[in-house]
Amino acid sequence: GHSVAIIEKNKVGGSCINFGCTPTKTMIASADVAHSVSVADQYGISLSLKHIDLEKIQKRKNEVVAMFRKGSESGIEATDNLTLIHGEASFKDHHTLTVNGESISFSHCIINTGNSPNIPTIEGVEQLTYHTSNNIMDVEAVPEHLIIIGGSYIGLEFGQLFQRLGSKVSIVERSPRLVKNEDEDIADALFESLKKSGMKFYFNAKVVKLEGRESDSIIAKFDVDGKTQMLTGTHLLFATGRKPNTNRLKVENAKIALDDKGYIEVNEQLTTSQPHIYAIGDVKGGPAFTHVSFDDYRQLENLLIHNRPIDISDRQIPYTMFTDPQLARVGLNELQANAQNVVYKVASLPMARVARAIHIGKTDGLLKVLISKADDTILGASLLGHEAGELLATIQVAMIGKLPYTKLLHGIFSHPTLAESLNNLMMTIKDPE
């Protein structure tokens, strides 16, 4: 019954639909098919990968994106009291926005402007043509040699995607290992799996200079332990994090507080420094996942429509990186548990000991779960393996229900499935080393 305006600067659907989850996972599916063909002889099938039709891959990706976007647009069009305004909004004061030169007054405002790729300051970067996660999927040809700066989730997903489509891939990472927020054994297992495919990695590497000598040549110079190294590639992808889209909102006019990185500060009720203005999704900082943004919406629905109190401070937030093998996480890992002085037991099982993984030839990875010593409930899971994101959901449901790990240890799961591995995983529980 409220009168609502949605103000969109670019395309309806935000990052997830337009250049995030939907297009990346659609293209990864094509890369997975290419990989299956390339290893078919291991399964007794004679096939050859004759041609990668990037244009057709992109066409399929664009069709899926258009379908999802159209669904969002149709939902808006079918909703009474809702107006979609295409334009860029900024605050005139704490009750007024300026959009396309006109003023719009509001009683409540929700800021959901997301984030954008962060490009670090490096000598020579302004003279180069480079790519970000927003546009790398629209390259005209499969890169001959793709240099990726950044060895975390975005860089690894794109690295494996293009490696499977035929690119030589080099990843330059400033940290001493991949995915630095994950446990070392999980990160090592992921590294070993990706390295087998031919991807090259450079760790402890600080990029100091970038050059473009020809139209199809990019040179990256970086320091590793005080020694300068050099890579020459055809394409450059920055996977160096993201920054909030707040620089053009003029939040100072509404006296909305930002943190030192430019994210909008909110409390446990998603309220900004103005009690009638809220921020949800990536723009408020914290885990930048679509499912977090959607839960923010559910929380605000409870608060604003149903007058129910909310608190986002203790949410259980899972995530999955769609490499092969997938990396899926929920709750605490050992790094976090040790930092918080949590007393725990740990269960660990290599994917090479999972029957279903052996059947299908997907044995790379490691399953790991932390168990509370106090009450035997599950504190968290770090799963690296085939369809780990799906397997994680089973563990998360147990966590939501506050079940002891013994329910999974003694549960009857159909054989042979990945879920059945939870029996064997829970049999390995011991004190951490």
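Residues are numbered from 1 along each chain as its sequence is written, and side-chain values use heavy atoms, with hydrogens and water left out. Because the model is predicted, local features need pLDDT of at least 70 and side-chain atom pairs count only at pLDDT 80 or more, whereas totals for chains, interfaces and linings use all residues.

Among the buried residues of H4 are Phe158, Phe162 and Arg164. After the helix comes Gly166, with a positive phi near 120 degrees.

Together with His35, Asp324, Pro325 and Lys362, Arg164 is among the closest to the pocket centre of the 31 lining residues. Two or more lining residues each come from helix H2 (21-38), H4 and helix H5 (184-196), and H2 gives the largest share, 7 residues. On a 1 Å grid over the protein atoms alone, a pocket is an open set of points with protein on both sides within 12 Å along at least five of seven lines, a cavity is a set where a 1.4 Å probe fits but cannot get out, and lining residues have an atom within 4 Å of a point. By class, the lining holds 9 nonpolar, 14 polar and 8 charged residues (Ala, Val, Leu, Ile, Met, Phe, Trp, Tyr, Cys and Pro count as nonpolar, Asp, Glu, Lys and Arg as charged, and the others, Gly among them, as polar).

Two further helix residues deserve a look. Glu192 lies in H5 and is partly exposed at 40% relative accessibility; its C-alpha is separated by 8.7 Å from that of Asp364, 172 residues apart along the chain. Gln299, in helix H6 (residues 290-304), is buried at 16% relative accessible area. Leaving aside residues up to four places away in sequence, Gln299 touches Leu270, Ile310, Asp311, Ile312 and Arg315 (contact means heavy atoms within 4.5 Å).

Turning to the strands, E21 (residues 378-385) is mostly covered, with 7 of its 8 residues buried. E21 pairs in the antiparallel sense with E18 (residues 326-331) over 6 bridges, and Val330 has Ala381 as its bridge partner. Two strands pair if DSSP finds at least two bridges between them. E20 (residues 366-372) also runs antiparallel to E21, joined by 6 bridges, with Ile371 partnered by Ile378. The hairpin of E20 and E21 has 5 residues between the strands, and there Asp376 takes a positive phi near 70 degrees.

Another antiparallel pair is formed by E12 (residues 217-224) and E13 (residues 227-233), over 7 bridges. Lys221 stands opposite Met230 in E13. This hairpin has 2 residues between the strands, and Asp225 takes a positive phi near 55 degrees.

How values were computed:
Buried < 20%, exposed > 50% of the residue type's maximum accessible area, 1.4 Å probe, protein only. Helix = DSSP H or I, 4+ residues; strand = E, 2+ residues; numbered from the N terminus.
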